[in-house]
Amino acid sequence: MQAHAIPGAQLAYTRNGITQTYCHGVLGGSSTAQVDASTVFQTASLSKVVGAYIALRLVDAGTLDLDTPLWDYWPSERIKDNPLARQITARMALNHTSGLRNWQISPSNPAIDHTPLESLFDPGARFAYSGEGFYLLQRTLEHLTGLDWTALATREVFSRFDMPSSTYKADPAFTTRNATGHRKDGEPIPGLVTAWENTAWTLVSNVHDYNNFIQRALYRGEGLQPATHALLFTPSSDADDRSSPSAADPFISWSLGIGLQQADGRLLAWHWGDNPGFKAFFMLDPASGESLLLLTNSENGPSSYKPVLRQFMGEGSYPAVEWSSSQD
């Protein structure tokens, strides 16, 4: 953290079922309070993995079919005039082959639910990372269940896995525990207040909660049928984004919701998070359950990923770090 000018961080490392947790630095901004186990961070796109698990839970319940167009479940006004987007399925949203932009409009803009979605290519044709795909899936699942995203996430994930410090929507109870984001030069970024939930980026959590999710939902597959759980670690798209080519592309694929890295003779599952002022990363060995989770309140966070991974999970090339940097 000193070497990379990161004001505050939490880290959880699990091996052989034993978790070590580290909390260092300060919440930041005008607060000199120390980061501790109760501090919460924006997890950014780590939010999507929770959304993917919820979708797979509904697949097992028979509520959702992975290959039925989302339009057949819920005629979103955002795609009513786009015949290509009306072909998007849950599988395409989860493996990022929906053909939608990452964001058609800023996801913090209240106009998002009324902004038409444009397609970059035919759904299913190729990979292009898309938060809009996940948000369209979220709105569809809310319609199918009759629950808003907070209630659905609480039922399927937060209550199930002991995650009391996790929310998709700003919670006043967390105010004194919120870390403040920082730019690379150390300047604080004003706090973000999320007026509505977005499964692509608004999850606030800490390493206690999210590590529970990694170990119980992802590694053990609690709450999922074995065949459905296996989909989390089975390549579903090649992750070759033409708009962001990377030398790491041959080592990366995407399952239904998680990045997969095949390198150094080892398959590892991972995801990264990138919000203004907050960077996050996790990596999981699906064979052994070894995992590492890092939450930081600085845009310098990614510079620490490889040193931390090598310290805890062993020497390796970790091309997922390069791949994620090419997307930022």
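Tutor: D162 is placed in the loop between α5 (149–158) and β5 (204–205); helices (H or I, at least four residues) and strands (E, at least two) are DSSP runs, numbered from the N terminus. This is a predicted model, in which local features need pLDDT of at least 70 and side-chain atom pairs count only at pLDDT 80 or more, while totals for chains, interfaces and linings use all residues. Residues are numbered from 1 along each chain as its sequence is written, and side-chain values use heavy atoms, with hydrogens and water left out.

Y318 belongs to the loop between α8 (305–313) and α9 (319–327), and because its relative accessibility is 3%, Y318 counts as buried.

Now for the helices. Helix α1 (residues 46–60) and helix α4 (residues 131–145) have axes that come within 11 Å and cross at roughly 40°; axes are lines fitted to C-alpha atoms, for helices over the stretch in contact, and angles run from 0 to 180 degrees between N-to-C directions. So α1 is oblique to α4 (under 35 degrees is roughly parallel, over 145 roughly antiparallel, 65 to 115 roughly perpendicular, and the rest oblique). Contact, meaning heavy atoms within 4.5 Å, is made by K48, A52, I54, A55 and L58 of α1 with G131, F134, L137, L141 and T145 of α4.

Finally, the sheet. It is open and has eight strands in the order β3-β2-β1-β10-β9-β8-β7-β6, with antiparallel pairing; two strands pair if DSSP finds at least two bridges between them. At the edges stand β3 (31–34) and β6 (252–254), each with a single partner strand, so one side of each has no neighbour in the sheet. From one strand to the next, the twist averages 15°. Within this sheet order, β7 (residues 259–263) pairs with β8 (residues 266–275) in the antiparallel sense over five bridges, and Q261 stands opposite L268 in β8. Helix α6 (residues 207–219) lies across β1 (8–15), β2 (18–28), β9 (278–284) and β10 (291–296), and runs at about 150° to β10.

Notes:
Buried < 20%, exposed > 50% of the residue type's maximum accessible area, 1.4 Å probe, protein only.
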